Amino acid sequence: MAFYCWFWFMECFLRVVGKLTVQLIYKLSSVYLPINFILQSIPKLAFPGGVLVGCSPGFMNVPKIKGTHNAMKSGMLAAESIFDKLSNENLTSETAGIYCDDYEDRIKSSWIWKELYSVRNIRPSFHSPLGVLGTMMYTGLFYFIGRGKEPWTLKHKHKDSETLKPASQCTPIEYPKPDGEISFDLLSSVALSGTNHEGNQPAHLTLMNDDVPVERNLAVYDGPEQRFCPAGVYEYVPVEEGDGMRLQINAQNCVHCKTCDIKDPSQNINWVVPEAGGGPAYSGM
C-alpha cells in the first residue's frame, strides 16, 4: 500500500511539474530575451526624466539565461539614485525632467556590471565561422577558465532584422501537430497568458507602409511575421475582393515581446507602448 501511494504521489507530482515546465517554456519563448548587449549597444542608462532598469537594458547573463537578479538590483540602484536627487534641497535641474546622472555610475560600481562584463563576449561569439561550436569553445576557454578577463570586447556585425534568409534559400520545417498533453496549439498557449487589451484603445501595432508586407515580406521571405510572432498576431489572409493576400494584425493577442519590432526584415512594423493595464497577465506565476 505504501509503495502504491508513493507511485501515485510521484505521478501527480510529475504531471504538475510537467505542466508548469511547459507553461514556463511557453512564457520564456513568448518574450524576446533581452540578452546582454549593454557593453555593445547601449550608450547611456539615464536620460532626463527617466532611467533604464529591469529587463529593458538587457541585464541578462547569457550562459545562465538568468537576469532577474540583475533586473531587481538595477531597480534598487535606480530607487537610491532617484531618492538622493529628490531629497536634495539644493537640487537644480537643467532639464524639465530630473537627470539621475549618477545611476549609471552606481550600476558600473555594482556586481551587475562585474557579472555582465565577464559574459560580454559570449553572445557575439556566435558570429564566428564555427557558429555554436565556436561559441562553446570560446565560452569554455575565456569564460569558465579565464572568467571573462580577456582584454577585448567583440562587436555585433549586423542587426537581427538583417539576418533573415529569403524563403528560396530555406527548406520548410514540418512540425508535429500539438498533442494537447505535452505540446499545445498556439492560441491555447496565448490564452494561458491572460492577454487582454481594451478594444477602444489606439492601435499599438501599425505599419509604416501597408504595401511592404505583401510586396516584400510575403514575396521574398514567405511572411515571416506568421512564424516569429509567438502569439498569432500576424497572419496573411485572402483579400475581400479579387485575388491576393493581405496582412491581418490581431493586436488583441499581443504579449508585448516586441519580437516583430526587432525581427521584421523590412523594419516596417511600428510597435508603441499600448494603454496601461493591457497585455499579458500571467496570473499563474
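This is a predicted model: local features need pLDDT of at least 70, side-chain atom pairs count only at pLDDT 80 or more; totals for chains, interfaces and linings use all residues.
**Ground rules.** I number residues from 1 along each chain as its sequence is written, and side-chain values use heavy atoms, with hydrogens and water left out. Local features need pLDDT of at least 70 and side-chain atom pairs count only at pLDDT 80 or more, while totals for chains, interfaces and linings use all residues.

**Surface patch.** I looked up a nonpolar surface patch and found about 610 Å², made by F126, L130, V132, L133, M136 and M137. I placed F126 in the loop between α4 (111–118) and α5 (131–145); helices here are DSSP runs of H or I with at least four residues, numbered from the N terminus. F126 counts as partly exposed because its relative accessibility is 32% (buried is under 20%, exposed over 50%, partly exposed in between, with a 1.4 Å probe and protein chains only).

**Second largest pocket.** I noted a volume of about 550 Å³ for the second largest pocket. Of its 16 lining residues, C170, P172, I173, Y221 and R227 are the closest to the centre. Helix α8 (residues 225–228) gives the most to this lining, with three residues. Sorted by class, I have 10 nonpolar, two polar and four charged residues in the lining of the second largest pocket.

**Cavity.** My count came to one cavity of 30 Å³ or more. Of the 14 residues lining the largest cavity, C229, V233, C254, C257 and C260 are the closest to its centre. The largest cavity holds about 80 Å³ of space, and its lining has 11 nonpolar, two polar and one charged residues.

**Terms.** On a 1 Å grid over the protein atoms alone, a cavity is a set of points where a 1.4 Å probe fits but cannot get out; a pocket is an open set with protein on both sides within 12 Å along at least five of seven lines, and lining residues have an atom within 4 Å of a point.

Definitions and conventions
Patches are made of residues with over 30% relative accessible area and no salt bridge: like charges are joined within 9 Å, nonpolar side chains (Val, Leu, Ile, Met, Phe, Trp, Tyr) within 5 Å. Accessible areas come from the Shrake-Rupley method with a 1.4 Å probe; for residues, only the protein chains shown count as cover. A salt bridge is a side-chain nitrogen of Lys or Arg within 4 Å of a carboxyl oxygen of Asp or Glu. Helices (H or I, at least four residues) and strands (E, at least two) are DSSP runs, numbered from the N terminus. Grid points are joined across faces, edges and corners, and a volume is the space filled by probe spheres set on the points. Ala, Val, Leu, Ile, Met, Phe, Trp, Tyr, Cys and Pro count as nonpolar, Asp, Glu, Lys and Arg as charged, and the others, Gly among them, as polar.
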